[in-house]
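Thank you all for coming.

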Amino acid sequence: MQAWSPVAVPATSQQFTALQVFDSVSQELVPLDCDREVTMYVCGITPYDATHMGHAATYVAFDTLQRIWRACGATVNYTQNVTDVDDPLIERALATGRKWQDIAEEQTDLFRSDMEALRVIPPANYIGAVESIDLVVERINQLAQAQSVYDLDGDLYYDISHARLLGQIAHLSRDEMIAVFSQRGGDPTREGKRDPLDALLWRHERPNDPSWETELGAGRPGWHIECAAIALKYLGNTIDVQGGGSDLKFPHHEMSAAHAETATGEQPFAKAFMHTGMVALGGEKMSKSLGNLVFVSKLTASGIDPMAIRLTILNNHYRSEWEWFDSSLDTAIARLDRWRSALNQSSGAPDITAEIGAAITNDLDTPRAIGLIDEWVHATLNGDTSTHGSPQSMAVTIDALLGIA
Ligand code: ZN
């Protein structure tokens, strides 16, 4: 699948030497390797409805990680999927009388233009579920060889007793897992399952439901095996970072990791699992069901500078739960204006790239980095012209690390 337009990323004046991030499994800061090609998989959208600020915040966070990783010397192999066939998309098609393919194409296009506007570096591999059916079938066959698959009226399920990381990413009790499973696409109450938490790998064909003829019979893939199969194919058996919103910890990330690890003979699926906090509006988490959504595309269509949107996002730590306020966007617009005034000078306060690097290599502390830049801007606009050329080198740093042009 075609990703979106590339983004030019300048090299920072200094290379940072270490990077640590919070891992949801160990619940500690863990170091990431910087001296080689590293791999990152971030779960993509299900393109059935416009992507909102919560999605944008997740992709901006992992884009910032990629930028920092590069500034530490790594080459980042980034892969993202598009779940372009799944229940919500098919339900939307049935409800609106449109073809599911048309909805997927239209919404994926809108997502691409949002990502371009926010200057998110495109993934090296942007892979749809529909183009990955063969990969999924191959992995389900491997799972079957490992005796972890069973057939329930033609549907294939993964036997959860094989899952090494069950309970270790989201840290939920079994009762909590069962409750969350049913809220997030699982079917814990289906009769005939060995365990309520067994996950669907392959859904056999049904009327009005897209399906593909394969050696497993006609049907379509489950969501978790889709990500596992794509990540294994494009990034290898153990990836450096698996990322996504915190609502993907369970079941999605625990199930994907379980499928991948069983398929590869218990090789750890990821070295670190990173999750972004949810974004709220009007006191509640932004969600399609509540309808309390802010869209990047609507803001940019109304003339808002996408860089102000990116700056609003980055002014919150990626792991925090935060709320969108129009006043925060106003603050970012004013901040961007001040920054640009300072960056357009020929001389300014001394370059603080090293201090910014220290902040953001420590679990992507972008609010701290923005605070440091504010201080530099304040000094520069208040007459500190002690360093010729520092506004130009600061502009490079801000572009390279924060993606703000
Ligand atoms: Zn995924």
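This is a predicted model: local features need pLDDT of at least 70, side-chain atom pairs count only at pLDDT 80 or more; totals for chains, interfaces and linings use all residues.

Which residue is the bridge partner of Ile239 in β12? In β12, Ile239 has Ala270 as its bridge partner. Residues are numbered from 1 along each chain as its sequence is written, and side-chain values use heavy atoms, with hydrogens and water left out.

Strand β11, residues 239-245, and β12 run parallel and are joined by 6 bridges, where pairing requires that DSSP find at least two bridges between two strands. Between β11 and β12 the chain passes through helix α7, residues 249-263, and this β-α-β crossover is right-handed, meaning that, with the strands pointing away from the viewer, the path from the first strand over the helix to the second runs clockwise. Strand β12, residues 270-276, is mostly covered, with 6 of its 7 residues buried, that is, under 20% relative accessible area with a 1.4 Å probe, counting protein chains only.

Stepping back, the protein chain has 13 helices and 17 strands, taken as DSSP runs (H or I, at least four residues, for helices; E, at least two, for strands) and numbered from the N terminus. Of its 405 residues, 57% count as buried. Along the principal axes, the C-alpha trace spans about 75 × 45 × 35 Å. Finally, among contacts (heavy atoms within 4.5 Å) between residues at least 6 apart in sequence, 80% join residues at least 24 apart.

Notes
Buried means under 20% relative accessible area, exposed over 50%, partly exposed in between (1.4 Å probe, protein chains only).
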